[in-house]
Each structure stands twice: as C-alpha cells, then as structure tokens.
Amino acid sequence: MAAIPEQEKAHHLRQLLQEASYAYYALDQPIMEDAVYDQLYRELATLEADYPDLITPDSPTQRVGERPASQFVSVTHGTPLYSLENAFSWSDMVAWRDRWQRYWRSNQGDLPEDRSYGCELKIDGAALALTYENGCLVRGATRGDGITGEDITSNVRTIRSIPLRLNLREPPPLLEIRGEAFLPLDVFHQINRDRQDQGDPLFANPRNATAGTLRQLDSQIVSQRQLDFFAYTLHGPKGFLLSLETQIQCLEALKQMGFRVNPHWQHCSTLEVIQAYYDRWQTDRLSLPYLTDGVVIKLNAMHLQEGLGFTQKFPRWAIAWKYEPEQAITQVLNISVNVGRTGALTPVAELKPVQLAGTTVARATLHNGDRLAQLDLHIGDTVVIHKAGEIIPEVLRVFPELRPQDACSFQLPDHCPECHEPVVQPKDEAVSRCINTDCPAIVRGAIVHWVSRDALDIDGMGEKLVRQLVVTGLVHTPADLYGLTLEELAGLERMGQKSAANVFNAIDRSRERPWSRVLYGLGIRHVGVVNAQLLSETFPSAPSLAQAEQGAIAQIHGIGPEIAQSVYQWFRIPRHQHLIQSLEKAGLTLATASPGLSQTPEIDPTLRGKTFVITGTLPTLSRDEAKNLIQNHGGNVSDSVSKKTNYLVVGEKAGSKLKKATTLGITCLNETELLEMLR
C-alpha cells in the first residue's frame with residue numbers, strides 16, 4: 001500500500017533528526033543549528049500528536065514521556081557483564097601480562113606475534129548493557145551483579161548519545177552494546193546547585209549521581225539530568241563480528257553505528273608505551289569535562305581475547321590500571337576516640353571537610369597511639385590525607401611548620417571515654433584497650449556482632465536500634481535480646497508497631513541458627529566464620545567445647561595454639577559460662593543436629609592448613625575482607641609472623657612483619673597474587 005503523505009513526512013523528519021543526532025554525538029560534527037533541530041523536532045511531535053498511529057519506537061520524540069515505573073524488573077545478561085581486575089602499580093601490570101601469557105602457552109601454545117594492546121580511559125560512571133533487535137533499541141539494563149541486572153529501558157532511552165536505531169543498513173537480528181553512562185562535570189555541579197537551592201541532600205560524586213539517576217522510577221526526571229554515554233564493546237552473531245579483528249576496529253565500528261566513543265583511545269605495542277599513556281592521563285584527566293579513575297587495557301587482537309576467556313570474575317585479556325589515590329590538604333579541628341567491640345581505642349582526626357576522590361571527607365583514622373605519636377599530630381595541624389585502598393581516609397602527613405601557636409598536642413586517654421574505667425595496653429600490641437566488660441561501647445559492639453549477617457543474621461537490627469536498647473538498659477548481653485517483648489520494641493524511638501513486629505520475629509527466627517553461627521556470634525577473639533565451623537565440627541556442642549583442653553583444641557587442623565588459647569580462656573570466664581546458660585534457656589541451638597555432622601555449608605578447601613598474616617594496606621580489600629576471603633577458602637589468619645606462617649600478604653606501608661618474614665624465608669604475596677592463588 002502506498003504511503004500516505006503524513007507517513008512519508010514523519011519518516012523523513014525522523015531520518016533527518018537521527019542523522020543530526022549521529023553527526024552531533026558520534027562524529028562530533030554538527031550538521032544543523034540547534035534551533036533548526038528543535039523546529040524539526042516540534043514539527044514531528046505535532047504530526048505524531050495528530051496521527052498517533054505514526055509513532056514508532058525509534059522516533060526521537062519517544063525518548064521521554066512514559067509513565068513512572070512502579071519498580072524495575074530483573075533481567076539476565078546473555079553474556080555476563082564482568083567487572084575488570086584492578087592494577088595499581090607497574091609490578092601489577094607486569095604480573096598481569098605474565099599471567100595471561102602463561103595461560104595462553106598452557107592452553108593455546110606459542111604466543112602470537114601481535115601482542116599489542118588497546119588502551120582507553122576508564123570512565124567513572126555506571127555500566128550499561130544495550131540490546132538492539134534488527135537495529136532498534138529494545139532494552140537497557142544495569143550491570144547488577146554481572147549475571148542479573150535491572151531493566152531500565154525507559155531511562156536509557158532518555159540519554160541522547162544512545163541511538164534508538166543503529167546507523168546500519170543491514171543490522172543483525174540481535175546485537176548487544178556495552179558502555180558507561182556518566183554525568184559531565186558541569187551538569188553534575190548544576191544538579192547539586194539546584195538541589196542545594198531546594199534543600200535536598202547533595203550527591204557525593206558524579207558516579208553516585210549517575211547510579212541514582214539511572215534508578216529513578218520517573219524517566220522524565222532522568223531526562224532532566226542529561227546523562228551521557230560512551231560505548232566500548234559489542235556482542236553479536238559471529239558472522240557479523242568476523243570483520244572486526246581488533247579492539248580498535250570495534251571502537252571504530254561502534255562510532256559508525258551511531259555511538260559516542262571516547263576519543264582518547266590509543267594503540268600500544270608494549271607495557272612501556274602503556275606506562276607513558278597512563279602517566280600522561282594521570283595529569284591530563286584533570287582538564288577533561290568528566291571523571292576518569294584509570295585506564296583500561298585490553299589485548300587488541302580479538303582472537304586473543306576469545307582464546308583467553310574469563311575467570312569466575314574477570315576477563316583474562318583486560319585490566320584496569322587505576323590512578324594513584326588522590327590526596328588532599330586540610331586542617332585537624334579535633335581528635336576523638338572510638339571504642340570498638342574488643343575494647344580497642346582508635347583515635348580519629350575530625351577534619352575541616354574536604355573533597356577527596358569524589359567524596360566529602362570530615363574524619364580520618366589515626367589507627368592507634370603509636371601512629372599518633374609517630375605523626376606528632378596536634379589539634380590545629382595542617383595535614384595531608386588520602387584514602388587507604390581508595391576506601392578508608394587516613395592522615396598521611398603532618399606539616400609541623402604550619403602549626404599554629406595555639407595548637408594542642410593529643411595523647412590517648414588512660415581512661416575509657418565511654419565508661420571512664422582505666423585502659424591497658426597489652427604487651428606486644430600497639431592498641432590500648434578498655435577491659436571493662438560492662439562498657440557501653442563493648443556491649444554495643446558485642447550485640448552488633450551477634451546480629452550481623454555471618455552470625456545470627458537478625459534482620460532490621462541495626463546499630464541505631466542496638467544503641468537504643470543498650471542506652472535504655474533493655475539489653476546487656478546477646479541473651480537479653482530473646483527476652484524482649486513486642487511492647488518494649490514498639491516503645492522505642494522511631495519504632496512503629498509493624499517495624500517492632502518484624503524485628504521481634506527476626507529475633508525469634510534466629511533461634512534456629514546452627515551451633516557454628518552461634519559460636520561465631522559469641523565474638524571470641526581470633527574466631528572467624530571458618531574457624532567457628534572447624535571448631536563446631538570437632539566439638540559439636542557448647543559443653544563439649546567448654547570442657548575441651550587447650551591442647552585438644554590446638555590439634556584441630558587449621559586452628560593452632562593462639563586461637564586455642566583464646567577459646568580455652570573464654571570458656572573459663574564465669575560471665576561467659578552464664579551467657580551460654582542464658583542462651584540455652586532462650587532456646588538457641590548450642591549443638592549440631594547429630595554428632596560430627598555440621599549444619600553449615602562446606603567451605604572451599606583451597607587453602608586448608610595454610611596460615612596467612614596480613615600487613616599494610618591492600619589496594620582493594622580491607623583487612624577484614626582479605627581475612628574472610630582466606631578463611632572462606634579454608635585458610636587460617638594469624639596476627640603475628642612465626643615459623644608456622646606459610647604466607648605474608650603485603651600491602652602498602654608494610655611494617656616490621658615484612659622484615660621478619662623475609663628473615664624467616666616466608667613467601668610474600670601481593671593482593672593480586674593472593675586472588676590468583678584463590679582462583
């Protein structure tokens with residue numbers, strides 16, 4: 001049937017507008033003035049309003065206007081949307097190169113001649129997966145956990161640098177494009193200015209603002225935020241991809257399809273050339289209109305990428321070389337002291353707020369008294385701070401020459417700031433501790449640990465609620481939780497009847513947790529999740545463990561004398577014996593279902609029998625994360641280096657443990673090598 005004039009006109013208008021968008025966003029070569037584009041757009045919108053049957057999914061007018069969504073639907077990625085392994089130094093890069101080459105030789109044979117790389121800037125935003133059917137955008141999804149994301153198609157359609165129809169004459173039936181959504185810095189600052197005027201909380205950084213925007217239920221709000229997008233890879237039928245032999249060719253193909261591709265990519269022949277590229281952009285990135293937190297290095301040849309494949313978490317053929325952590329200068333306004341679950345006193349610098357690595361920082365850890373003395377820190381000092389592992393703010397350096405005359409020195413208190421009892425510093429420890437078991441901070445810490453996910457997993461029982469329970473005197477020990485009434489919970493501040501009922505039921509359900517989880521929840525020093533499981537396998541009840549001799553505990557494979565001593569002494573303290581009795585009366589599970597049968601899932605035995613010590617600040621893992629990772633693979637983590645230590649995991653600013661390990665000939669690993677061992 002011949003096209004009626006309105007259909008033909010609408011078709012031509014859509015074609016003109018799509019060509020203009022392609023020239024503007026993909027080629028950076030505008031072919032018409034904004035006013036002309038706006039006039040054509042209004043003409044098309046009017047035509048579609050008069051003839052709704054003319055509206056097509058790829059029409060530029062359909063970028064905004066859907067009803068707000070009630071929720072997002074989960075979708076499974078056809079190809080997992082993997083994150084990248086991180087490198088933080090030249091040695092990390094060399095280790096990565098050696099790993100992929102070693103893997104290739106083992107599985108594919110001789111290395112090919114072309115071992116070059118494609119390097120791109122790592123945009124600090126949110127990853128998206130875009131699905132096109134016969135050239136038309138049908139779905140946009142978030143990364144999620146890499147396997148499952150959220151369908152945010154209505155929001156993705158508002159991003160004008162994402163084409164609604166591919167610029168391909170014969171598109172394949174199915175094509176998926178991956179890339180990064182981000183907020184340009186000028187847009188981000190304007191959004192925060194508007195939010196400040198309206199009294200709304202400010203976004204911490206463009207990355208958080210991008211992620212929050214993409215999850216808005218109202219796509220019209222998303223449209224107003226003016227998100228942008230860079231494409232960096234594609235997945236599709238093998239026949240379609242055959243002509244694309246390199247990563248660089250893929251970028252060119254994406255540009256031809258209508259996508260915006262970051263223009264600062266570079267073909268690098270060696271790691272030395274990559275180093276120069278990295279060094280250049282570590283400085284030049286400051287002049288870019290968007291944030292980049294590193295460079296992405298990919299093997300350029302597609303057959304190399306295909307042959308190397310993926311680990312369980314990362315592609316073997318790519319890595320992200322992150323920029324060195326940012327540093328900032330600020331002033332110390334005060335020094336406070338936190339008291340932890342074990343009674344450890346941690347000094348914290350209260351700072352004049354400063355922007356650091358995209359967030360506002362007002363507090364920084366000083367670790368312990370020894371570190372405080374080493375820095376010779378005074379209240380009023382000007383200091384340099386950075387983020388250890390890009391996560392935890394810490395004071396790096398003090399400028400004594402800038403110290404004001406009225407600056408005050410600071411010493412850790414000899415009495416606990418929470419309970420005012422004397423503190424002690426155990427021999428061979430840098431940490432001062434409060435040893436008053438009735439100290440509110442220690443009680444709060446014990447309860448927070450008890451309700452945590454790996455212990456009794458009591459949903460809805462957060463730190464604020466725990467603080468209320470302790471302050472009001474309703475709870476002194478974990479056993480007291482099981483005597484709480486619904487009325488007592490509902491009477492707490494900001495606790496309605498429904499919330500109180502949810503917490504009450506969660507407490508009741510926790511009675512069913514297995515003995516190993518209860519044992520971990522007791523908070524015995526040095527007893528982590530895996531150690532609790534090992535102990536519960538040999539001693540399937542609380543009485544059997546309480547009556548065990550220290551030597552018998554130490555004989556358990558993976559436990560050792562230090563943990564054995566801690567467990568043995570814990571069960572000898574009367575108040576702990578009373579706690580066990582109270583938990584039994586409350587109906588907690590203090591024995592496995594049958595002797596010798598563990599109710600907990602099996603752990604990965606990769607590191608069974610190996611003892612690790614961790615020193616320094618690791619690039620991406622916190623100390624607790626690294627410890628849990630090792631324990632979840634069957635390993636044991638100790639606080640001190642000895643002849644029985646198998647591996648020392650070394651991070652930045654490694655201390656005396658590294659020197660001792662070297663003297664004893666103990667194998668030292670960096671974070672990357674540890675993760676590779678686990679894989």
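Helices and strands, in what I am about to show, are runs assigned by DSSP, a helix being H or I over at least four residues and a strand being E over at least two, and both are numbered from the N terminus. Please keep in mind that this is a predicted model, in which local features need pLDDT of at least 70 and side-chain atom pairs count only at pLDDT 80 or more, while totals for chains, interfaces and linings use all residues. Residues are numbered from 1 along each chain as its sequence is written, and side-chain values use heavy atoms, with hydrogens and water left out.

Let me start with C419, which sits in the loop between β18 and β19. UniProt, in an unreviewed entry, lists C416, C419 and C439 under "binding site"; such annotations, given here in our own numbering and with shortened feature names, may be inferred rather than shown by experiment.

C419 counts as buried because its relative accessibility is 17%, where buried means under 20% relative accessible area, exposed means over 50%, and partly exposed lies in between, using a 1.4 Å probe and protein chains only. C439, in the loop between β20 (433-434) and α13 (440-451), is buried as well, with a relative accessible area of 0%. If we take contact to mean heavy atoms within 4.5 Å, and leave aside neighbours up to four places away in sequence, C419 touches C434, N436, C439 and P440, while C439, within the corresponding limit, is in contact with C416, E418, C419 and C434.

In the loop between β18 (408-409) and β19 (423-424) we also find H420. Is H420 buried or exposed? At 57% relative accessibility, H420 counts as exposed, and its phi is near 70°, a positive value in a residue other than glycine.

That backbone feature brings me to H367, which has a positive phi of about 70° although it is not a glycine. H367 lies in the loop between β14 and α12 (369-375), and with a relative accessible area of 36% it is partly exposed. The side chain of T365 reaches the backbone nitrogen of H367 at 3.1 Å, which is a polar contact, meaning a pair of N or O atoms within 3.5 Å where, within protein, one must be able to donate a hydrogen and the other to accept it, and where residues adjacent in sequence count only if both atoms are side-chain atoms. T365 itself belongs to strand β14 (residues 359-365) and is buried at 17% relative accessibility.

Further along is H378, in strand β15 (residues 378-379), which counts as buried at 12% relative accessibility.

K122 is placed in strand β3 (residues 117-123), and beyond four places in sequence its contacts include D293, G294 and K322.

Finally, let us look at a sheet. Strands of a sheet pair through backbone hydrogen bonds, either parallel or antiparallel. Here four strands form an open sheet in the order β22-β21-β23-β24, with parallel pairing, where two strands pair if DSSP finds at least two bridges between them. β22 (636-638) and β24 (667-669) stand at the edges with a single partner strand each, so one side of each has no neighbour in the sheet. Neighbouring strands are turned by 35° against each other on average, direction ignored, and for such angles, axes are lines fitted to C-alpha atoms, for helices over the stretch in contact, with values running from 0 to 180 degrees between N-to-C directions.

Inside this sheet, β21 (residues 611-615) and β23 (residues 647-650) run parallel and are joined by four bridges, and T615 has V650 as its bridge partner in β23. Helix α23 (residues 623-632) lies across β21, β22 and β23 and runs at about 170° to β21, whereas helix α24 (residues 656-664) lies across β21, β23 and β24 and runs at about 145° to β23.
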